[in-house]
Amino acid sequence: MESVAHSSRAFDAAHDPFDDGRALQDRLQVHCFGCGTLNERGLHIKSRWDGDEFVCIWQPRPEHIGFPGYVYGGTIASVVDCHAIWASVSMYCREAGHDLNSGPPPFHVVTGSLRVNYLKPALVAQALELRARIVAQGERKSIVACSVRQGSVECATAEVITVRVKALG
């Protein structure tokens, strides 16, 4: 797999001609539970590029509780999963010259592997900040590293392998 840092595929997100300032999920609306704006019961994450990091600030709701007062670990994994997928979709769209405002890309990106390391409990009452980076990218697979924080406390780290597949239909 080719490293993004050593690739001609690296980009400067601050000068992305396809970035109109809106979260990617607002530019391409889908029904996904984690990220879909069209799913009224979903998590509704919002992800944006900030330099070479893909950032999401997400506020858990009371129903995302695990142990009293803390976010259920599976919910954290879901938020990380969708955030990493969007980072990968965005990178592949840039490479293909596909603007998400023009509609869905001619491919999908799915999760090949998701590994979450839980470091500290995350409070339901406080927003989570996710920061993801593409650490390697090939023609079909990407490796996305993600950190989940609440303030100065790192609650979890994750590695997500994403896979680009042909669009259905």
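Helices here are DSSP runs of H or I with at least four residues, and strands are DSSP runs of E with at least two, both numbered from the N terminus. By that count, the protein chain has two helices and six strands. Welcome to a predicted model, in which local features need pLDDT of at least 70, side-chain atom pairs count only at pLDDT 80 or more, and totals for chains, interfaces and linings use all residues. Residues are numbered from 1 along each chain as its sequence is written, and side-chain values use heavy atoms, with hydrogens and water left out.

**The chain as a whole**

- Starting at the N terminus, the elements follow the order α-β-β-α-β-β-β-β.
- Of the 169 residues in the protein chain, 43% are buried, where buried means under 20% relative accessible area with a 1.4 Å probe and protein chains only.
- Contacts (heavy atoms within 4.5 Å) with a separation of 6 or more are 63% between residues 24 or more positions apart.
- The protein chain has an accessible surface of about 8700 Å², and carbon and sulfur atoms hold 54% of that surface; the areas come from the Shrake-Rupley method with a 1.4 Å probe.

**Strands side by side**

- Two strands pair if DSSP finds at least two bridges between them.
- Strand β2 (residues 53-58) runs antiparallel to strand β4 (residues 128-137), with five bridges joining them.
- In this pairing, Ile57 sits opposite Glu129 of β4.
- Strand β4 is also antiparallel to strand β5 (residues 141-150), through eight bridges.
- Here Leu130 faces Val148 of β5, and a hairpin of three residues links β4 to β5.

**The largest pocket**

- A pocket is an open set of points on a 1 Å grid over the protein atoms alone, where a 1.4 Å probe fits, with protein on both sides within 12 Å along at least five of seven lines.
- The largest pocket holds about 370 Å³ of space, a volume being the space filled by probe spheres set on points joined across faces, edges and corners.
- Its lining (residues with an atom within 4 Å of a point) has 16 residues, and Val30, Ile85, Val89, His108 and Val109 are the closest to the centre.
- Helix α2 (73-96) and strand β3 (107-118) each give at least two residues to this lining.
- The lining comprises 13 nonpolar, two polar and one charged residues; nonpolar covers Ala, Val, Leu, Ile, Met, Phe, Trp, Tyr, Cys and Pro, charged covers Asp, Glu, Lys and Arg, and polar the others, Gly among them.

**A look at Thr75**

- Thr75 belongs to helix α2.
- Thr75 counts as buried because its relative accessibility is 9%.
- Beyond its neighbours within four places in sequence, Thr75 touches Leu43, Trp58 and His64.

Note on methods
Buried means under 20% relative accessible area, exposed over 50%, partly exposed in between (1.4 Å probe, protein chains only).
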